[in-house]
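Let's take a quick tour of a protein chain, from the whole fold down to a couple of residues. Have a look at the model first.

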Amino acid sequence: MWGWDAAAVREAALDALAVLLPVECAGCGAEDRGLCSSCRASLVPEVSSRLVGEGLRVWSGLEYDGVVREVVLALKRDGRVDAARALAPALAAAVVAAAPEPDGIDVVAVPATRRAYRRRGYDPVRLLVGRAGLRELRVFSAARPHAAQKTLGVSARDANLRGAFRLRRAVAGRRILIIDDVVTSGATLREVARALREGGADVVGAAVVASTPKRFAPVVE
Ligand SMILES: [Zn+2]
């Protein structure tokens, strides 16, 4: 038997298309470049980390602000799948910081809802995982539909996500690093970690492209 991952192929096709079409800089809108040199310089990783829950530390490659925010939104909101390549080094740097000895650690991406996937036709986090050279262990079903987190306060964010992530395969005994694109309140990562730990996994931490440490900036779900 042989086959292929239809979603991955579609993502690859969209990416190739983005290279062929005239594009604007995903960071500042300058014409003819996927990402201009000035914006590219803003994406050089500077890893930081913070605790977002009990025993849950998240490492981020960048601060979610300015050009970084524009490029993330280009990927998540504007269909700019080519932006994943520009953001991947930040994720990779965060992963290296989070797991300096990667042996025996599995990478698990925060799953999208079916609705979000259908709307975009691709999964931004999964694209980032691939571009960062990581191989994801798929342990979750599609996320249960939930209200947009950006409209909610901190405690409501946790309640909104309760039970959103369902395991579809056993994770007992595995050491897992969680991957997401942006951490805001940390509610998503907390709930994913809770589901994994409930399944018997050892969650070693989380790694994301960018973090909003000082305030809640709107993040596209
Ligand atoms: Zn630019």
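Accessible areas here come from the Shrake-Rupley method with a 1.4 Å probe, and for residues only the protein chains shown count as cover. With that in hand, the protein chain exposes about 11,100 Å², and carbon and sulfur atoms supply 53% of it. This is a predicted model, where local features need pLDDT of at least 70, side-chain atom pairs count only at pLDDT 80 or more, and totals for chains, interfaces and linings use all residues. Residues are numbered from 1 along each chain as its sequence is written, and side-chain values use heavy atoms, leaving out hydrogens and water.

**The whole chain**
- You'll find 8 helices and 5 strands in the protein chain (DSSP runs numbered from the N terminus: helices are H or I with at least four residues, strands are E with at least two).
- Along the sequence, the pattern goes α-α-β-β-α-α-β-α-α-α-β-α-β.
- Of the chain's 221 residues, 48% count as buried (under 20% relative accessible area; exposed is over 50%, partly exposed in between, with a 1.4 Å probe and protein chains only).

**Arg114**
- Arg114 sits in helix H5, which covers residues 114-120.
- Arg114 counts as exposed because its relative accessibility is 55%.

**Arg126**
- Helix H6 (residues 124-131) is the place of Arg126.
- With a relative accessible area of 24%, Arg126 is partly exposed.
- Setting aside its neighbours within four places in sequence, Arg126 is in contact with Glu136 and Arg138 (contact means heavy atoms within 4.5 Å).
- Arg126 and Pro111 are 15 residues apart in sequence and 8.4 Å apart in space, C-alpha to C-alpha.
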